[in-house]
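Hi everyone, thanks for coming. Please have the sequence and the 3D view open while I talk.

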Amino acid sequence: MNRPEWAPPGIDVERPSAARLYDYFLGGSHNFAADRAVAQQLLATAPDIPLIAQANRAWLRRAVSMLARSGIRQFLDIGSGIPTLGNVHEVAREIVPDARVVYVDLDPVAVAHSSVLIRGQEGVAAVQGDVRKPADILHHPTVRGLIDFNQPVALLVIALLQFVRDEDGPDDIMRQLRDALPSGSYLALSHGVVDGWRHDKEMVKSLYNRTTTPTATRTRAEVAPFFGDFELVDPGLVWVTQWRPDQPSNMDGIKAAKSAVVAGVGRKP
Amino acid sequence: MIVEPAPRGLIDGQHITRVARAWARAIAGASYVPMAHVDIELRLAGFTTRLLRVLTSQPFDPSPATQIGVELVEAHFASPETLGHTIGVLADRLPPLAGTSLDSSGRRVMRLLSALSVGYSRGLRERTLDEQESIRLATVLAQAQTEHALRESQEAFRHAAVHDQLTGLPNRIFFEKQLADLIGAGSRERIAICFVGITSLQAITDRFGHILGDRALAVTADRFRTLARSLGHPLARFAGDQFVMLIEDPPDTSYLAGVAEQIIATLATPVHTDRHLLPMSASVGVVERPVAGMDANDLMRAAAMTLQWAKADGTDRWRLFDQARSDREIARHALAADLALGIDRDEFFLEYQPLVRLEDRAVIGVEALVRWQHPRLGRLSPGRFIDLAEESGQIVRLGRRMLDKACRQAREWARLTDSPPYVSVNVAVQQLRDGGSLLRTVDNLLQEIGLASELLQLEITESASIPDDPQIRRTLDDIAGLGVRLALDDFGSGYSNLGYLQNLPVNQLKIDMQFVRDWKPSSTKSLLPSLVELAHNLRLSALAEGVETLEQADYLESIGCDHVQGYYFGRPQAPSEITSLLLEWSSEEDDL
C-alpha cells in the first residue's frame, strides 16, 4: 500500500510488535495471534526470554523507585510499550504522589492502551512518538505541557535501543535527548546485548525482524557511550539483575538475564 | 500491605513465614509480580494464613479457597506455572499445619487446593479475557485515532490544495472541479459566471507594494464573500486579482445584472488599511449559458473575454457576453495566427492606384496597396489585417516584402516607358523604428534592382511619435538623402502638429479623403484651399485623396492642388492594367 509521506503511521495487527511480544513474555494477554506465533518461535529458540523480560521489568521498578527517592518528580519513558504491571507512574507515585509521567511509544495500539489505563489521572500522559525523531518528542506539546525541562527529569530508555539500528544514529539520538535535560537529571537505560547470549542470535534477530522494529545487535561496550558524560550511579553499567538487587536468588533468572541485558542509571553533572 | 494475623493458638507466625518463603521461592520467575521480594513474601504469608483458616474451619468448608485463588491472580501471581508450583508447595507444606490426622488433613488439603485451583483458573481466564478485550479496544481506539489523523491530514492537505491562502477562498482548482461536477451532474439547466477583475489592484501594488496590495485584496475578498453568502452563490479566487462567482440556474439576465452591480457596489467604500484609504474598483464579465453541451474551458474563455470588454469600457463596469462580438474577436485572432504563415506562403500581393497630375491629368505615380489572398477567406483588404500585422509585429516583415515587390514593379515600368511613374509604398511606424534596417533595405533594393531613387516614394502616416523620435527623424533624413521621395499620408486626419512639418524631409502632403468627401460645390467652409496653401507654403506638393467626381477634380484644380488620387482617376488595379494604362498614355503622348 502506498501511504503518502504526510500520512500518520497505520495499524497492522497482522504484523507482530515488540511491545506486544514483551507483554506476552511477561505473561500478559495484550497480544494477537501474529505476536504469539513469533513469540512461540522465539521461546523455542530461547526459552528463557520470559525470565529476561521479568528481570528487565523488575529492574525498571527498582530504578524508578531509586529515582523517585532521589527526588525526581518527572519521568519521560520512551518506548514504554504496553503498560502491564508495575508501571512507572504507579511505582513513582508510591514515593512521589504527584510525580509527572509521560509515556512515549511508537506503537499506536500501545499508546491507545496507555491512554485508557491512565484516563483521568492528573499528570500522566501517553503520546505517540518515535525515538528516532527525538526533537519531535522533546517538542511534543503534551511532553512540554507536563514536563518542565528546567527541573530534573528522569529519562527512561528501557530495553528500547536494541530496536534502533546503527543507521538510525542512536548515538546522535541519545545526545539530543541528554542535551535536552537540565543538570541533575537522570538517564535510566537498559539494553539487550549479545555478549554472552547462549541462544541462536541470528534466529532471534530474524524473528524480531518480522516485527515493526527490527533489532540491532550490540555488545555491552557499545552500550556504555549512550550515557555520554552522565555519571553512572553505583553499581554502574551491569547485568540487569546485578543492579541493586532486592530479591534473593532465582538462579535461573539471574543466569539468563546475566547474559542478555545490561542496565545502568546515569546522572547529568 | 495487609498481613492477616495467623489464627492464634493454632499456628504460630514462624510456620506461616516459612511456608510463605518456600512458596515465594517456588513461584519465582513463573510470573512477573511488580513487588519487591520482601513484599511478595508478606503477601503470600497473608494468603497462607487465610488458607490455614479455611483448612481448619469447623465444619470444614473449602469453598472460601476459591476466592483466594481468584485473589492470587489479581495480585499478579498469575501464570499456569505459578498454579502448578503453588499446588506443589502447599500440598507438601499445609497438611502438617492442619491440626488433624495427617490422613484426613491430606484429603482436606486436596479439597482446599481443588477449590483454590477453580478460583485461580477462573481468575486467570477472566484476566486473559479482560486483557484481550482491552488490547482490542486499544486497537480499535488507535485505528480510529489513526484514521482521524489521516483524515485530518488529508483534509488539511486537500484544503490547502484547493484554497487560496491569502483570502481563504476556494482556489481555481476547486472552482474548476466544482464547475466540472456541476456540468457533469446535469442537475442544472443553465449556469452563469460573474468573472470579476479588481482593476485598481495593480496601481495599489505599484504604489504601495505587495503587502498592502495583498491586504487590500483580502479585504475585497471578504466583502465579496459576504455578498456571495447572502446571495447563496459559490465564490472562488480564480487568479491574482480575479474572482469568480457561480450562479446556478439564474432566473433571468436582469438578475445577473443585479449581481454584477452588487459586486461592483461592494467596492464603493474605499478599503481602509494601514492608514491608507484605498479606492477600489472592479470590472465584471457575465456569461450565461445552457449546461447541456457546455464546455467549461469555453465558458471561462468567454468570461475572461467579457471581463476584458468590461475593463475596456472603463472602471466599475460590467458587460454581458456577446456571441457575435466574441465570434468576431475569435476570427480576428485566428486571422492574426494565419498572418505569419501567409507572409511565408507569399499570399500577399500589391495593387496599384494611379496618382494623377491635375495640370495634364498624367499618371505620374502609383500607390502600391497591399491585398491578402487568404486561402480560406479569399481576397482581404488591408483594413482586415494591417492592425493585426502591427499588433503582432509582422508588419515589419510584410512591409519589407511589399517594398521589394513594389520596387521590382517600378523597375519594370521604368523599362517600358520614358516617363515612368514613381511607386508610392506605405511604411508603418514600426518599420521606421526598426533601427536603420529600413534605410539599409531601401538602399540595398535600389542598388540590387537598379531602380532610380526618385521612382520610389515612401508614405508615412501622420503620427504623434514621428516628430519626437530622433531615431525616426534620422532614418527619414537618411532615406531622403538617398533621393527617395517621402509623402505624409492621410494628412489632416490625425495628430497635427504643424510645427514639425517644416523640419521633416517630406515632398508631398496627401490630404485625407474626408476633406474631399465633405466638400460640396455650395460649401464655403472647406479646409481644402487652406491645406493646399499650407503644402505650398512649405514647398510641398499637395495631393488630394478620394477624388471620385469630375466636379471635385475641377474644384481641386481651381484651388491649385497639384495631384489627385481616387476612383475618378483609377481604382487600385493589377500591375498589368497599370502597364496598359501607361502604354496607352505614352502612345497618346507620342501622337501629340
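Before that, some housekeeping. This is a predicted model, where local features need pLDDT of at least 70, side-chain atom pairs count only at pLDDT 80 or more, and totals for chains, interfaces and linings use all residues. Residues are numbered from 1 along each chain as its sequence is written, chains are lettered from A and ligands numbered from 1 in the order in which they are written, and side-chain values use heavy atoms, leaving out hydrogens and water. Helices (H or I, at least four residues) and strands (E, at least two) are DSSP runs, numbered from the N terminus.

Let's start in chain B, with helix H10. H10(B) covers residues 296–313, 18 residues in total, and spans 26 Å from its first C-alpha to its last. That is close to the expected 26 Å, taken as 1.5 Å times one less than the number of residues. At its start, a side-chain oxygen of Asp295(B) comes within 2.9 Å of the backbone nitrogen of Asn297(B). Just past the helix, Gly314(B) has a positive phi of about 125°. Which residues of H10(B) are buried? Among them are Leu299(B), Met300(B), Ala303(B), Leu307(B) and Trp309(B), where buried means under 20% relative accessible area, exposed over 50%, and partly exposed in between (1.4 Å probe, protein chains only).

Now over to chain A, and a pair of helices. H2(A), residues 33–45, packs with H9(A), residues 201–208, at an angle of about 175°, their axes 10 Å apart. Axes here are lines fitted to C-alpha atoms, for helices over the stretch in contact, and angles run from 0 to 180 degrees between N-to-C directions. H2(A) and H9(A) are therefore roughly antiparallel, the word for angles over 145 degrees. Val38(A), Gln41(A), Leu42(A) and Thr45(A) of H2(A) meet Met203(A), Val204(A), Leu207(A) and Tyr208(A) of H9(A), with contact meaning heavy atoms within 4.5 Å.

Last, the backbone. Most residues other than glycine have a negative phi, and most peptide bonds are trans. What kind of peptide bond joins Asp234(A) and Pro235(A)? A cis one, with omega about 5°, and Pro235(A) sits in the loop between strands S6 and S7 of chain A. Chain B has a cis bond between Gln58(B) and Pro59(B), omega about -10°. Finally, Arg244(A) is not a glycine, yet has a positive phi of about 40°. Arg244(A) is partly exposed, at 37% relative accessible area.

Methods
A polar contact is a pair of N or O atoms within 3.5 Å; within protein, one must be able to donate a hydrogen and the other to accept it, and residues adjacent in sequence count only if both atoms are side-chain atoms. Angles under 35 degrees count as roughly parallel, over 145 as roughly antiparallel, 65 to 115 as roughly perpendicular and the rest as oblique.
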